[in-house]
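Dear colleague,

Please find below the structure that I am handing over to you, together with its sequence. My findings follow directly after it.

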Amino acid sequence: METPENENFRDSIGTVTEEGKRAWVYPKKPSGKYYDRRKLVSYFLLIFLLVSPFIKINGNQFLMFNVLERRFNIFGFPFWPQDFHLFVISMIIGVVFITLFTVAFGRIFCGWICPQTIFMEMVFRRIEYWIEGDRNKQRKLARQKWDAEKIRKKGLKLTIFLIISFLIANVFLAYLIGGDRLIQYIKDGPFSHMGTLIPLIIFTAVFYFIFAWFREQVCVIACPYGRLQGVLLDTKSVVVAYDYKRGEGTNGRKKFRKNEDREALGHGDCIDCLQCVHVCPTGIDIRNGTQLECVNCTACIDECDHIMESINLPKGLIRYASEENIKNKVPFKLTARMKGYIAVLTILIGMLTGMLFLRNEVEANVLRLPGQLYEHKENNIISNVFTYKLVNKTTKDIENVTLKLLSHKGTLKLVSTSNTFVVPSQGIAEGTLFIEINNSALTGDRNKIKIGVYANDKLIETCTANFLGPRSYK
């Protein structure tokens, strides 16, 4: 996007002073149609975020990321370590999807969907406006001495921030250990599970630090997505942009004067009111062009539209637009790069869908016991010892499970009191078994055998293993 000739503003960030100190941002309270739409989207996502760990589909938590036990639930589908390839494809799909949206619509994810922005702007910032007032009152309070009013307001605000941070930490913990377990821990009391209480306190401190002090610095300094934006954006990407051709005119900006013919004087529609700067949550001037600090929150669009409406000028001086659209009036269209991302995304989604349909609810593995050779028994019988492991990915016990040899005539014996067993829900059954096959049925020293897993005499899964026998010298 075209920018002023003096680009010194790009040499530093707006949240740091020339002395290297923190420049606190006090954004004006936004209002307008885009802000109202963002509130609807944000509150829907907040509700989704808060209830997802406590919703169950077919007995599975809707969303869970239990890294410690290597159990993941995504939209009610359980993923085990054996499904790691599906999880990787899902993550790749997410990355390609965000990349596609960035190429097409800039940093729209940050302004509308990112949890950091939603919590900061729609929860913590709104509480701040409620307690301390709008921009000017906050600035006045910050300069004010620590009297009773300042202590009361700051203390109330930070106390509420701490409580909300604690609640967020509990929800975050529910995603890690499961909603049911979290509720049980709460019933048992905090000191009954010190191993969980300490991480909970750490999470609370981290969230409190982010939303009470670090704030917009997460988007400006810490988040790598802002840097990624600079690589992915081009002149055809739709971003929150200032129409410099209309705003600057031929003689630049000028303050508004009633009954003045601005067009005849060559002045642009921008009246240099600075309202777009005052309302920006990251403290930038959108009129300088596309900047990595811009999270596309649309607050400047609403504020500029309000100003344009009040002075009877057309709205849209700041709007969603591409550089091509502003400079050459070229409408948005899919580029070759966007079509390429769409093609890759379609292929990956197709692959994931196919794999999910082919995914079995029971994962079976039978492996020959390491270090053990075959045993030659009477009547030319060859015996091998194996270990088996069955993973039940469902929320119901699988009963009357037995294993049968499918590929060869022979016998399969479990090292247990019974040839049937139970695979517990979302659990593992494992043990040892012997397989005996007549040497005449073998074709060499290494034979591929097929084993069937049956539940109530119904085949539910098959697996293969290597069976060792005497080397043939034919």
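**Findings**

Lysine 329 counts as exposed, at 60% relative accessibility; here buried means under 20% relative accessible area, exposed over 50%, and partly exposed in between, with a 1.4 Å probe and protein chains only. Lysine 329 lies in the loop between helix H15 (323-328) and helix H16 (336-358). Its phi is near 60°, a positive value in a residue other than glycine. Helices (H or I, at least four residues) and strands (E, at least two) are DSSP runs, numbered from the N terminus.

Please note that this is a predicted model, in which local features need pLDDT of at least 70 and side-chain atom pairs count only at pLDDT 80 or more, whereas totals for chains, interfaces and linings use all residues. Residues are numbered from 1 along each chain as its sequence is written, and side-chain values use heavy atoms, with hydrogens and water left out.

**The chain as a whole**

The chain contains 16 helices and 16 strands. Its radius of gyration is 32 Å, whereas a compact globule of 474 residues would have a value near 23 Å; the radius is taken over C-alpha atoms, and the globule rule is 2.2 Å times the number of residues to the power 0.38. The C-alpha trace spans about 110 × 60 × 40 Å along its principal axes.

Of the 474 residues, 44% are buried. The accessible surface comes to about 26000 Å², and carbon and sulfur atoms account for 60% of this surface; accessible areas come from the Shrake-Rupley method with a 1.4 Å probe, and for residues only the protein chains shown count as cover. Among contacts between residues at least 6 apart in sequence, 68% join residues at least 24 apart, where contact means heavy atoms within 4.5 Å.

**Buried residues**

Which residues does threonine 298 contact, beyond its neighbours within four places in sequence? They are Tyr34, Arg38, Trp112, Val240 and Tyr320. Threonine 298 is found in the loop between helix H13 (275-278) and helix H14 (299-310), and it is buried, with a relative accessible area of 1%.

Isoleucine 286 is likewise placed in the loop between H13 and H14. This residue is buried, with a relative accessible area of 4%. Not counting residues up to four places away in sequence, isoleucine 286 touches Val240, Tyr242, Cys276, Gln291, Cys294, Cys300 and Ile318. The C-alpha atoms of isoleucine 286 and isoleucine 318 are 8.4 Å apart in space, and the two residues are 32 apart in sequence.

Lysine 154 belongs to helix H6 (residues 148-177). Is lysine 154 buried or exposed? Lysine 154 counts as buried because its relative accessible area is 16%. Leaving aside neighbours within four places in sequence, its contacts are Glu132, Leu141 and Trp146.

**Other loop residues**

Aspartate 272 has a positive phi of about 55° although it is not a glycine. Its place is in the loop between helix H12 (262-265) and H13, where it is partly exposed, with a relative accessible area of 25%.

Asparagine 58, in the loop between strand S1 (56-57) and strand S2 (60-61), is exposed, with a relative accessible area of 66%. The C-alpha atoms of asparagine 58 and threonine 394 are separated by 8.5 Å, although these residues are 336 apart along the chain.

**Hairpins**

Strands S3 (residues 63-66) and S4 (residues 71-74) run antiparallel and are joined by 4 bridges; two strands pair if DSSP finds at least two bridges between them. Asparagine 66 stands opposite arginine 71 in S4. S3 and S4 form a hairpin with 4 residues between them, and arginine 70 in the turn has a positive phi of about 55°.

S4 is also joined to strand S5 (residues 77-79), antiparallel, by 3 bridges. Here asparagine 73 stands opposite proline 78 in S5. This hairpin has 2 residues between its strands, and phenylalanine 75 in the turn has a positive phi of about 55°.

Strand S15 (residues 446-455) pairs with strand S16 (residues 458-468) in the antiparallel sense over 10 bridges. The bridge partner of glycine 452 in S16 is threonine 462. S15 and S16 form a hairpin with 2 residues between them, and asparagine 456 in the turn has a positive phi of about 55°.

Yours sincerely
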